[in-house]
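Good morning, and thank you for making time for this presentation. Please keep the sequence and the structure in view while I speak.

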Amino acid sequence: MSKYPAEFLHGTLETLILKTLTGGPMHGYAIGKWIETATDCGLELEEGTLYPALYRMEKRGWLDAEWGTSELGRRAKFYRLTRTGRHQLASHTAAWTTFSAAINRALVKAV
Amino acid sequence: MTIRRRLRSLLWRVPIEQEVHEELTHHLEMRTQELIERGVDPITARQEAQARMEKSHVEAELTRLGRQRNASWARRDWIDELRQDLIFALRQCRTRPGFTLAAVLTLGLGIGATTAIFSVVHAVVLKPYAYKDPDRVLLAFSKWRGNRGSWSVGNFDYFRQRITSAEDFAADTGVSMNLSDNGEPERIFGSRATWNYFRLFGIPPAYGRTFTAEEDQPGRNKVVILSDGLWRRRFGADPSIVGRSIRINQEPHDVIGIMPPESNQIGDAAEAWVPIAFTPEQLAMYDEFYLTAYVRQRKDVTQQQVRDEFVRVAQALATDHPDLNRERSADVELMSSFFIGDYRLRLFVLLAAVALVLLIACGNVANLLLARLALRSRELAIRAAIGAGRGRIVRLVLTESLVLAFLGGAAGLAIAWWSLPALIRLAPQGVPRLETATLNGTVLAAAIAMVLGSALFVGLLPAWQATRRTSLTEDLGDGKGALSGSLKPWMRQLLIGAQAALVMIVLAGAALLVRSAINMQQQPIGFDTKGVLTARIALPAAQYGSPDAARAAYRQVLESLQASPGVKFAALDSQAPLVGGGGSNGLFAEGKVDLIQSSSHFISPGYFSVVNARLKAGRPFVETDTRQTPFVMIINETLARTAFGDADPIGKRISCCEGAPGQPHWKTVIGVVNDIKSQGPAADSRPEFYLPINQIPDAAWSWTGRSFVLLTRGDDIAAMTTAIRTAVRSVDSTLPVYRIWTMEEGLRRIMAQARFNTLLMSLLASTGLILAALGIYSVIAWLVAQRTREIGVRMALGASKRDVIRMMSVHGLKPVVIGLAAGLAGAVAATRLLQNQLYQIEPRDPLTLIGTALILFIVAVAAATVPAWRATLIDPSSALRE
């Protein structure tokens, strides 16, 4: 279970998914695992959060999906980044950097 | 990305439920595997993973999101394809400018004409009225022997005291007024109205106020309300005129209000209103009928209840005042339908005719498009071969026709924008609200609907044709083979057949209108308009209140006129032919009880010489017919027939215009004059009587408002115009002379309505005829091009030119003949709608219908023969070598 409030997670989830897929096509489960590992703070993604986000991003054209074969030898849906998705990632990252820096500054000053 | 998505959607689109289920199953397995690896036993691991999944309800959520995703993709694909089709269609248009121009102009003409006519129909018939709750505003009629007419003051007042189903019951009467203020004295058209007139219509004044009940009393009625038009024209749109005093008929009147422009849409367009303020004498007058009456019905009653009450009150009136009202009844009608009733049908007929021409234009463009598709059969076959479905190809063709229709619509709007003002200028006077016709939102919406409809009409047959190709090899093989093999000529024949039918209907309508216009022109009107000039003057009551003064003034004017150079004859009439105005009286012949409502003419003795009417019997009036000599009367043939049947009317006596109930005032008939059609040739002859101006009762001077028409006959219109102005000025320089018209102008104005409709219908019919001829021509030309080789063979084998011409033209003419037969049947059904516009000709006049069909057939033969004749110029040897 997440240690952070759900809303906080939600806004950044899409950015994290985009980041995950820069390494190449992945299926849903792998994306979830990768995010859990990469954030390295016990962030655990629920199916009910991860998959709807994937579908929404697919509808918006950030992701593209195709069927492939997973490491278990099973049919699985693989997501890959589209050009639009790459642009989104770039702008999200830039915005996030600015935003978090600002928050950091504020928090440090407050202390 | 787009291509990838399209491929995916084409190659493996699985139902969304299956997609979600498979994806989640995979997730479940991965999770179970992970738990097992962590040391959980397989059964527990599976249960745990499953429980977690179910708890999140993710499957339902994903199915919903997936559906949204698919719908959004489908939309995007559709728009992508539309964009491709549009680009393709536009490129097609550009590469063949001749074809595009022909199609766009043809559609533009059709859409433009229809839009212009529709905007007129909208302005006159469909647009809501300016006054409040138009469905409760009625016109009330006083009926005499079933004929609707105006009201006498006595009758109006009798009804006013008794009618309970009306919120308001008001009356007005048109009068001309002398407006003499700062500047030139001017004659204006005004109205005297009861005080509740404006309240009835519910139109508030733009400035100031409307009348009060107190102002509708004799002596307190010196107030005036100005129309927007007069206020702008004469008073420079200055609101401070309200409260000032202006002189009307030489008497000061306080301006109390200015009406907004919309008030012109009520009945006649008056320029100023004054309270009618009935005097006690007027209230006792039951036999002078000149008031128009209006009703605003109560919210809780129906129109039928109002009508019933009017009939009941009319019966009571007939009992109380039997001598004048025994045969009178009353009736009401919705005011809006009364004013536009006739125009509604006329305009809708016109609109229908225009729409038919638009259909003919669509037929031509469809024809062009079919020919174009035939040339592109190879391209379409390739499209089909690489996977374009039927729907896709239909859309491709419809997009092309849509592009053409939109370009045509743009051209059409330009044409409508340019032609609407011309149409309004050309139209006859008096079409209500015509000047308000504009290309407004409703009209634009109608034009867009026409564009879409045309696109469908134009594209439907070609689109259907385009999906009918099945054999790829045939289409990809010999280009010519493809043409004759897959494009059936019957389709184009169907088109020209339909066009022939439509043209037949429009042309038959136009022919009927032209023939009735000719009939009307040839109809004798009973007088001679040539060289006659008319003008109206009115003597104000302030100076000419006594009959002697008025009579003397008119005698002076007449004497001065008769002495003027250029004037051969001069005369006076209270209501001259084609000029309008005047009144009517009820009269009865000695020994008869029936009251005959009859138009009154108060004339000077020389009148019949001016209008060249023939005295059928008896003598004309002379200067010595005065109040001191025996009372005399001249009647027209219709009145003679009505009053006396076949008996000789000379010497018989008729009572009219004065006397009292039970005390007839006899006048002896001394002459019978031929019927004069004063309303123009189309109107029926009515009973009319003439009294010598020197003998009319004193009261008649106030009935007529001391207003008479001056008539002169001569050769030089300009000299007579000067003579009239000089003569009037020599008597009283403050008197305005107005409506100086030649009678020929008056006749033209009356015929304008008929001529306008005839002109428009003829224009439409000739446009339709030209379009249909072009259609027939192009089909035969296309057939000839198809069969060049065959014709070459035939001619090589000895066929004569005549054989070839016959063979080719019959192909085109067969459908035309069938179309003409269908059109004839359609014309018989449709021309009924013209009934009330026709004069002395039946809507099914066989001569006209057969003649029209014959003309059309001859045009079709000509249109077919030209390309067929071209076929004979084919050189057999080169045709065979091709």
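**One helix, then the two chains**

I begin with helix α2 of chain A, in which G28(A), Y29(A), I31(A) and G32(A) are the buried residues. Buried here means that 20 or more other C-beta atoms lie within 10 Å of the residue's own; with 12 or fewer the residue is exposed, in between it is partly exposed, and C-beta atoms are placed from the backbone. Viewed down the axis of α2(A), the buried residues fall within an arc of 165°, so they line one face of the helix. That arc is taken over the directions from the helix axis to the C-beta atoms. On the face turned away from this buried side, α2(A) carries the exposed residues T37(A) and A38(A).

After α2(A) comes D40(A), with a positive phi near 55°.

The model is a predicted one, in which local features need pLDDT of at least 70 and side-chain atom pairs count only at pLDDT 80 or more, while totals for chains, interfaces and linings use all residues. Residues are numbered from 1 along each chain as its sequence is written, and chains are lettered from A and ligands numbered from 1 in the order in which they are written.

How confident is the predictor in chain A, on average? The mean pLDDT of chain A is 82, and 86% of the residues score at least 70; pLDDT is the predictor's confidence in each residue, from 0 to 100. Within chain A, helix α1 (residues 6-21) has the lowest confidence, with a mean of 76, and strand β1 (residues 26-27) the highest, at 92. Over residues 1-5 of chain A, pLDDT stays under 50, and the model gives this stretch six contacts beyond four places in sequence. A contact requires that the C-beta atoms of two residues, placed from the backbone, lie within 7 Å.

Chain A as a whole contains four helices and three strands, in the sequence pattern α-β-α-α-β-β-α. Helices (H or I, at least four residues) and strands (E, at least two) are DSSP runs, numbered from the N terminus. Of the 111 residues in chain A, 29% are buried.

The three strands form an open, antiparallel sheet in the order β1-β3-β2 (chain A). Why do β1 and β2 (63-69) of chain A each have one side without a neighbour in the sheet? Both stand at the edges with a single partner strand, so one side of each is left without a neighbour. β1(A) is joined to strand β3 (residues 75-81) of chain A by two antiparallel bridges, and two strands count as paired if DSSP finds at least two bridges between them. H27(A) has F78(A) as its bridge partner in β3(A).

I turn to the meeting of the two chains. Here 23 residues of chain A are in contact with 22 residues of chain B. On the side of chain B that touches chain A, the elements giving two or more residues are α1 (2-11), α2 (16-37) and α4 (58-95) of chain B. By class, that side has six nonpolar, eight polar and eight charged residues. Ala, Val, Leu, Ile, Met, Phe, Trp, Tyr, Cys and Pro count as nonpolar, Asp, Glu, Lys and Arg as charged, and the others, Gly among them, as polar.

Chain B has 29 helices and 23 strands, and 41% of its 882 residues are buried.

Strand β18 (residues 632-636) of chain B has four of its five residues buried. β18(B) pairs with strand β20 (residues 666-673) of chain B in the parallel sense over five bridges, and there V632(B) has T668(B) as its partner. With strand β21 (residues 688-692) of chain B, β18(B) runs antiparallel over two bridges, and I634(B) is the bridge partner of Y690(B).

How enclosed is β21(B)? Five of its five residues are buried, so β21(B) is largely enclosed by the rest of the structure. E688(B), Y690(B) and P692(B) point one way from β21(B), while F689(B) and L691(B) point the other way. In a regular strand, side chains alternate between the two faces of the sheet. Strand β16 (residues 596-603) of chain B runs parallel to β21(B), joined by five bridges, and S599(B) stands opposite E688(B).
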